[in-house]
Amino acid sequence: MWYRVFGANSRMPTAAAILEYLAGSGASVSGEFATDASGWYRADLLVDGVGLQLERYLAEEEGIRAELNSWAAWLETRENVPECVHLMERMIQTTQLITLRSSEESVRIELLCRFLAALTAGVYQVDERGFFAAAGALLITE
């Protein structure tokens, strides 16, 4: 299952904040974060025995802007939905993209998406479900 967080600010969620958030929600969590000069770019977590892979991309990285434009184009096909224009603008304003991938769907993963979206002033998307506000309200269905 794929989840994506489209962050509108450059505030990087720290590894400690992510682990603390999950542990604070009652999850058993462990993980390893790979870092470079821009902060962490990949994390492999184990959340309640379920593997979760996170990847963080900055909008200026090669190929990311094209992916964001692709999402904006998909949203444009939903022009009859009131949130469409707002979400297209959000794709254009995205400064960081965080992808989350797990073999299992999990409430904790979606709560982590909400946490990351709130921290980065963003929205999140769940494959086959749609786009959501940071607080969890459904904006557009897939």
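**Exercise 1. Describe the order and pairing of the strands in the sheet.**

Solution. Eight strands make up an open sheet with antiparallel pairing, and their order is 2-3-4-5-1-6-7-8. Strand 2 (29-36) and strand 8 (138-141) are the edge strands, each pairing on one side only. On average, neighbouring strands of this sheet are turned by 15 degrees against each other, direction ignored; axes here are lines fitted to C-alpha atoms, and angles run from 0 to 180 degrees between N-to-C directions. Strands are DSSP runs of E with at least two residues, and helices are runs of H or I with at least four, numbered from the N terminus. Two strands pair if DSSP finds at least two bridges between them.

The model is predicted: local features need pLDDT of at least 70, side-chain atom pairs count only at pLDDT 80 or more, and totals for chains, interfaces and linings use all residues. Residues are numbered from 1 along each chain as its sequence is written, and side-chain values use heavy atoms, with hydrogens and water left out.

**Exercise 2. Determine how strand 4 is joined to strand 3 and to strand 5.**

Solution. Begin with strand 3 (residues 39-47), which runs antiparallel to strand 4 and is joined to it by six bridges. Within this pair, Asp44 lies opposite Gln53 of strand 4. The two strands form a hairpin with two residues between them, and Asp48 in the turn has a positive phi of about 50 degrees. Next, seven antiparallel bridges join strand 4 to strand 5, where Leu58 stands opposite Gln96. Finally, consider accessibility: seven of the nine residues of strand 4 are buried, buried meaning under 20% relative accessible area, exposed over 50% and partly exposed in between (1.4 Å probe, protein chains only).

**Exercise 3. Characterise helix 4 by its span, its start and its buried residues.**

Solution. Helix 4 (residues 107-119) has 13 residues and spans 18 Å from its first C-alpha to its last, close to the expected 18 Å; the expected span is 1.5 Å times one less than the number of residues. At its start, a side-chain oxygen of Ser106 comes to within 3.1 Å of the backbone nitrogen of Arg108. The buried residues of helix 4 include Ile109, Leu112 and Leu116. Among the elements that cover the buried residues of helix 4 are strand 1 (2-7), helix 1 (15-24) and strand 5 (96-102). After the helix comes Ala121, with a positive phi near 55 degrees.

Note on methods: Contact = heavy atoms within 4.5 Å. Polar contact = N/O pair within 3.5 Å; in protein donor to acceptor, adjacent residues only side chain to side chain.
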